[in-house]
Amino acid sequence: MMKRIPAWVLAVALAGCGGTGDDVETFRVDSSEFAISLITKGELKAAESTPITPPPGSRAPRTIRWLAPNFSWVNEGDVVASFDVTDAERQASTAGLEINKVDLQVVGKQRELDRQLSELGNDLELVDIEKIMADQFVVDNELAYSRFEIIDAMRDKVLLDYKSGHLEGKRENYSDRQGAEVAVLAAQRATQESKFDEQQSLLDNNEVRAPHAGYFVLEQSWFGQTVDIGSTVFAGNKFASIPNLGMMEAELHVLEAEAVSLAPGQVAEIVIDAYPDRPLTGRVKSISATAAPIERDNPVKYFTVAVTLDQSDPEWIKPGAIVSAVVQIDRVESAIAVPNQALYREDGNDWVMVREGGKLVRRDVRLGLRGPNRSQVVEGLAPGDEIALFLPGEVDA
């Protein structure tokens, strides 16, 4: 960065600039290619991948019993994960017992109803017989029977009609009550059937197989952790993937303060740490909208930068490989660039100390591209000019 110095220090330093400045280290400027680049690290990932999720059939969480090794090669149909079904077996057995229990209760209710209806049927038959006998009682000669006998006969017939109606109503009540009880039992059975079907689905779908060949890559959490044997995963949540090795990209992490000049389309050179003699090329595809920490206990924030690779070779360009990257921020074919330590700034003006006629004098300059170590000078300097790397008498801290 260019230096900003207090006015009193500047006045003292400039007062001594009338000398030759032979004790000041200088730098002769020239015109050459000037490039600003960003150096960072990251890892390889696939631009596209097939997600691996728990098997369908239940929303219940699953506990991983076995897992294919991370970054291992799998073929289509290979088992990549299996899940513990101990609890599902227990719950399925319990639900099955409850279903049998409800079925026995339904049978018992039906038998009880049949017994009650049979008893009522017998009572109704007796009443019907008595009604027939009462109907056959005909008073042809009122003088042959006493008045009380005639009244009793009439009362018996009314009583039998009432008794018959009462028994019919009782039979209907028995049937209705039994139907309501059976309906309650049917609802209980449906609940247990649902539980049984869900647990049976867990038993029938306790494995995940690879949909196609490729590397099996476990998904990382925000804390950089992956699932393992004994981990719990939930329905629909991706816990691994099989990347498309024909579309690889580098995921780079750039410090928040260094990402100002990043833009899509910039060229990047990628070197896989395991293959330093095989550099790759690519272009910046996207930059995350916000910066965020990449380590749980480290508050430093980074932007995530995706770089699409121009090459693909599954033999050595694999997901998870650690890479170093140089992103070309900007580049000028022919430019005058000076070290930032030789630049000074005062009241909004940039300047350098130039040797003229054996003396160091101040000269204002206009800057172009600015990098962390050097900056482009577009006006004020020409090739061959000799500039001071620090002011006369300035102490290098």
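Which element gives the most residues to the lining of the largest pocket, and how many does it give?

Guide: Strand β3 gives the most to that lining, with seven residues. This is a predicted model, in which local features need pLDDT of at least 70 and side-chain atom pairs count only at pLDDT 80 or more, while totals for chains, interfaces and linings use all residues. Residues are numbered from 1 along each chain as its sequence is written, and side-chain values use heavy atoms, with hydrogens and water left out.

The largest pocket holds about 900 Å³ of space (an open set of points on a 1 Å grid where a 1.4 Å probe fits, with protein on both sides within 12 Å along at least five of seven lines; lining residues have an atom within 4 Å of a point). Its lining has 33 residues, and Glu43, Lys45, Gln220, Glu251 and His253 are the ones nearest the centre. Two or more lining residues come from each of β3, β9, β11 (240-243), β12, β15 (292-295) and β16 (strands are DSSP runs of E, at least two residues). By class, the lining has 13 nonpolar, 14 polar and six charged residues.

Now the nonpolar core. In the largest one, which has 34 residues, Leu44 and Ile270 touch the most other members (a core is a set of buried nonpolar residues joined through side-chain atoms within 4.5 Å; buried is under 20% relative accessible area, exposed over 50%, partly exposed in between, with a 1.4 Å probe). At least two residues of this core come from each of β3 (31-46), β9 (214-218), β12 (248-255), β13 (267-272), β14 (280-287), β16 (298-309) and β17 (322-339). The largest share, six residues, is that of β17. Leaving out residues up to four places away in sequence, Leu44 touches Met248, Glu249, Ala250, Ile272, Leu309, Ile317, Lys318, Pro319, Gly320, Ala321 and Val323 (heavy atoms within 4.5 Å). Another core lies apart from this one; its 17 residues include Ala81, Leu218, Val227 and Val233.

The whole structure has four aromatic pairs (ring centres within 6.5 Å; planes under 30 degrees apart are stacked, over 60 edge-to-face, the rest tilted). Trp73 and Tyr215 form an edge-to-face pair, 5.1 Å centre to centre with 85 degrees between the planes. Because Trp73 lies in β6 (residues 72-74) and Tyr215 in β9, the pair ties together parts 142 residues apart in sequence. Tyr215 is buried, at a relative accessible area of 12%, whereas Trp73 is partly exposed, at 46%.

Definitions and conventions
Helix = DSSP H or I, 4+ residues; strand = E, 2+ residues; numbered from the N terminus. Points joined across faces, edges and corners; volume = space filled by probe spheres on them. Nonpolar A, V, L, I, M, F, W, Y, C, P; charged D, E, K, R; others polar. Phe/Tyr/Trp six-rings, centres within 6.5 Å; stacked < 30°, edge-to-face > 60°.
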